[in-house]
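I opened this entry to log what I looked up in the model.

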Amino acid sequence: MIIRIKNLRLRTIIGVKHWERKKVQDVIINVEIEFDGSKVAESDNIHDTINYKAVKNRIVEEVEKSRFYLLDRLASHVLKVVMEDKKVQRATVEVDKPNALRFADSVSVYCSAER
């Protein structure tokens, strides 16, 4: 089974330029979580699934307090947070930084992990 958290819009300090270290910027996070959903398909019990609200809350907490220089490091950190739940078999994270480049909507970093 796959759970997706789409377009989670957060604000954090991110970037290497002096002005980027002074004010929060927008980031957009997309997460895909794969897990064995056979038990929850039968039980309809929240304890047999991934609590996506709890995952979202952890991501919000971690991203909003982070002060990374690189988008790569932020994406890797979010992936680590998602993988904390032992039910997660595979996860992918994409972090977009809107308006990071002239003439482009955004720049994004995509990373994944599996058990």
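I began with E62 and K65, whose side chains meet in a salt bridge at 3.3 Å, N to O. A salt bridge here is a side-chain nitrogen of Lys or Arg within 4 Å of a carboxyl oxygen of Asp or Glu. I noted that the model is predicted: local features need pLDDT of at least 70, side-chain atom pairs count only at pLDDT 80 or more, and totals for chains, interfaces and linings use all residues. Residues are numbered from 1 along each chain as its sequence is written, and side-chain values use heavy atoms, with hydrogens and water left out.

Both E62 and K65 sit in helix α2, three residues apart, about one turn of the helix. Helices (H or I, at least four residues) and strands (E, at least two) are DSSP runs, numbered from the N terminus. I then checked accessibility. Buried means under 20% relative accessible area, exposed over 50%, and partly exposed in between, with a 1.4 Å probe and protein chains only. E62 is buried at 11%. K65 is exposed at 51%.

Next I looked at R58 and E61. Their salt bridge has its closest N and O atoms 3.8 Å apart. These two are also three residues apart in α2, so about one helical turn separates them. R58 is partly exposed at 26%, and E61 is partly exposed at 44%.

Which residues does the network link? I found R58, E61, E62, K65 and E84 joined by salt bridges. The structure holds ten salt bridges.

**A buried pair**

I moved on to E20 and K97. Their salt bridge puts the closest N and O atoms 2.6 Å apart. The pair links distant parts of the chain, 77 residues apart: E20 is in the loop between β1 (2–12) and β2 (25–35), and K97 is in strand β3 (residues 88–98). As a reminder to myself, side chains of opposite charge can pair when their charged atoms come close.

**Helix packing**

I checked how α2 (residues 52–65) meets α3 (residues 71–83). Their axes come within 10 Å and cross at roughly 145°. Axes are lines fitted to C-alpha atoms, for helices over the stretch in contact, and angles run from 0 to 180 degrees between N-to-C directions. The crossing is right-handed.

I listed the residues in the contact (heavy atoms within 4.5 Å). From α2 come V55, R58, I59, E62 and V63, and from α3 come L74, H77, V78, V81 and V82. They divide into seven nonpolar, one polar and two charged.

**Nonpolar core**

The largest nonpolar core has 31 residues, and I29, I59, V82 and V93 touch the most other members. Such a core is a set of buried Ala, Val, Leu, Ile, Met, Phe, Trp, Tyr and Cys residues joined through side-chain atoms within 4.5 Å. β1, β2, α2, α3, β3 and β4 (106–114) each supply at least two of its residues. The largest share, eight residues, comes from α3.

Leaving aside neighbours within four places in sequence, I59 contacts L8, L10, I29, V31, V78, V81 and V82.

**Whole chain**

I counted three helices and four strands. Along the sequence the pattern is β-β-α-α-α-β-β. The C-alpha atoms fill a box of roughly 50 × 25 × 20 Å, taken along the principal axes. Of the 115 residues, 42% count as buried. Among contacts between residues at least 6 apart in sequence, 59% join residues at least 24 apart.

**Positive phi**

Most residues other than glycine have a negative phi. I logged N7 and D44 as residues with positive values. Phi of N7 is near 55°. N7 is in strand β1 and is partly exposed at 41%. Phi of D44 is near 60°. D44 lies in the loop between α1 (38–43) and α2, and is exposed at 73%.

Terms used. A crossing is left-handed if the near helix is turned anticlockwise from the far one by less than a right angle, and right-handed if clockwise. Ala, Val, Leu, Ile, Met, Phe, Trp, Tyr, Cys and Pro count as nonpolar, Asp, Glu, Lys and Arg as charged, and the others, Gly among them, as polar.
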